[in-house]
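The sequence and the structure are shown first, and a description in short sections follows.

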Amino acid sequence: VQVVESGGGLVRPGGSLRLSCATSGSAFEMSLMVWYRQAPGKQRELVALLRNDDSTNYLGAVKGRFTISRGSAKNTVHLEMNSLKPEDTAKYYCYAEGLVTETSTSVGIWGQGTLVTVSS
């Protein structure tokens with residue numbers, strides 16, 4: 001199973017971006033998908049989390065601006081980011097946790113990350 005992020009880029013303050021995360025490879029039953037971010041010189045932090053029951057959690061600094069949602073394709077998650085600020089600049093990583101059905105193995109997998117830069 002692989003996790004692939006997309007949608008990063010350069011945006012002006014106040015702008016919006018939509019990140020996407022999808023799994024590929026073996027059949028996978030997702031139980032949790034999480035967006036993290038890591039800015040240069042800082043620790044990785046949890047930005048938004050989506051559980052299998054569609055419950056969510058958000059980092060306080062992004063509440064009301066970011067929305068995590070399930071995509072129409074299986075095991076796809078989006079992160080809608082609005083009112084972006086320079087301090088949102090970071091590499092954003094998707095983490096997927098779930099069951100590889102063919103082996104009945106629980107796994108947690110990281111993507112390679114996608115860079116978001118908020119600058120005028």
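The model is predicted. One of its features is an open sheet of four strands, arranged in the order β1-β3-β8-β7 with antiparallel pairing. The edges are formed by β1 (2–6) and β7 (66–70), each of which pairs on one side only. On average, neighbouring strands of this sheet are turned by 15° against each other, direction ignored. In general terms, strands of a sheet pair through backbone hydrogen bonds, either parallel or antiparallel.

Five bridges connect β1 with β3 in the antiparallel sense, and Gln2 stands opposite Ser24 of β3. Next, β3 and β8 run antiparallel and are paired over six bridges; here Ala22 faces Thr76 of β8. Finally, β7 is joined to β8 (residues 76–81) by five bridges, again with antiparallel strands, and Thr67 lies opposite Glu80 in β8.

## The nonpolar cores

The largest nonpolar core holds 28 residues, and those that touch the most other members are Trp35, Val47, Phe66, Leu79, Met81 and Tyr92. Two or more residues come from each of β3 (17–24), β4 (28–38), β5 (45–51), β7, β8, β9 (90–100) and β11 (114–118). The strand that gives the most to this core is β9, with five residues.

Leu79 illustrates how these parts meet. Leaving aside residues up to four places away in sequence, Leu79 touches Leu17, Arg18, Leu19, Trp35, Val47, Ala48, Phe66, Thr67, Ile68 and Tyr92. There is also a second, separate core of six residues, which includes Leu32, Val34, Tyr36 and Tyr93.

## The disulfide

How many disulfides does the count give? The count comes to one disulfide, which joins Cys21 to Cys94 with an S to S distance of 1.9 Å. The link between Cys21 and Cys94 is left-handed, with -80° about the S-S bond. The pair connects distant parts of the chain, since Cys21 belongs to strand β3 and Cys94 to strand β9, 73 residues apart. Cys21 and Cys94 are both buried.

## Salt bridges between parts of the chain

Side chains of opposite charge can pair when their charged atoms come close. In this model the count comes to six salt bridges. One of them brings together the side chains of Arg18 and Glu80, at 3.6 Å from N to O. Because Arg18 lies in strand β3 and Glu80 in strand β8, this pair ties together parts that are 62 residues apart in sequence. Arg18 counts as partly exposed, at 46% relative accessibility. Glu80 is likewise partly exposed, with a relative accessible area of 31%.

Another salt bridge is formed by Glu29 and Lys74, whose closest N and O atoms are 2.8 Å apart. Glu29 is in strand β4 and Lys74 in the loop between β7 and β8, so the pair ties together parts separated by 45 residues in sequence. At 40% relative accessibility, Glu29 is partly exposed, whereas Lys74 is exposed, with a relative accessible area of 58%.

## A loop contact and a network

Asp54 and Arg70 form a further salt bridge, with 2.6 Å between the closest N and O atoms. Asp54 lies in the loop between β5 and β6 (56–58) and Arg70 in strand β7, so this pair ties together parts that are 16 residues apart in sequence. Asp54 is partly exposed at 48% relative accessibility. Arg70 is also partly exposed, at 36%.

Which residues are linked in a network of salt bridges? The members are Arg37, Glu45, Arg65 and Asp88.

Technical notes:
Residues are numbered from 1 along each chain as its sequence is written. This is a predicted model: local features need pLDDT of at least 70, side-chain atom pairs count only at pLDDT 80 or more; totals for chains, interfaces and linings use all residues. Side-chain values use heavy atoms; hydrogens and water are left out. Two strands pair if DSSP finds at least two bridges between them. Axes are lines fitted to C-alpha atoms, for helices over the stretch in contact, and angles run from 0 to 180 degrees between N-to-C directions. A nonpolar core is a set of buried Ala, Val, Leu, Ile, Met, Phe, Trp, Tyr and Cys residues joined through side-chain atoms within 4.5 Å. Buried means under 20% relative accessible area, exposed over 50%, partly exposed in between (1.4 Å probe, protein chains only). Contact means heavy atoms within 4.5 Å. A disulfide is a pair of cysteine sulfur atoms within 2.5 Å. A salt bridge is a side-chain nitrogen of Lys or Arg within 4 Å of a carboxyl oxygen of Asp or Glu.
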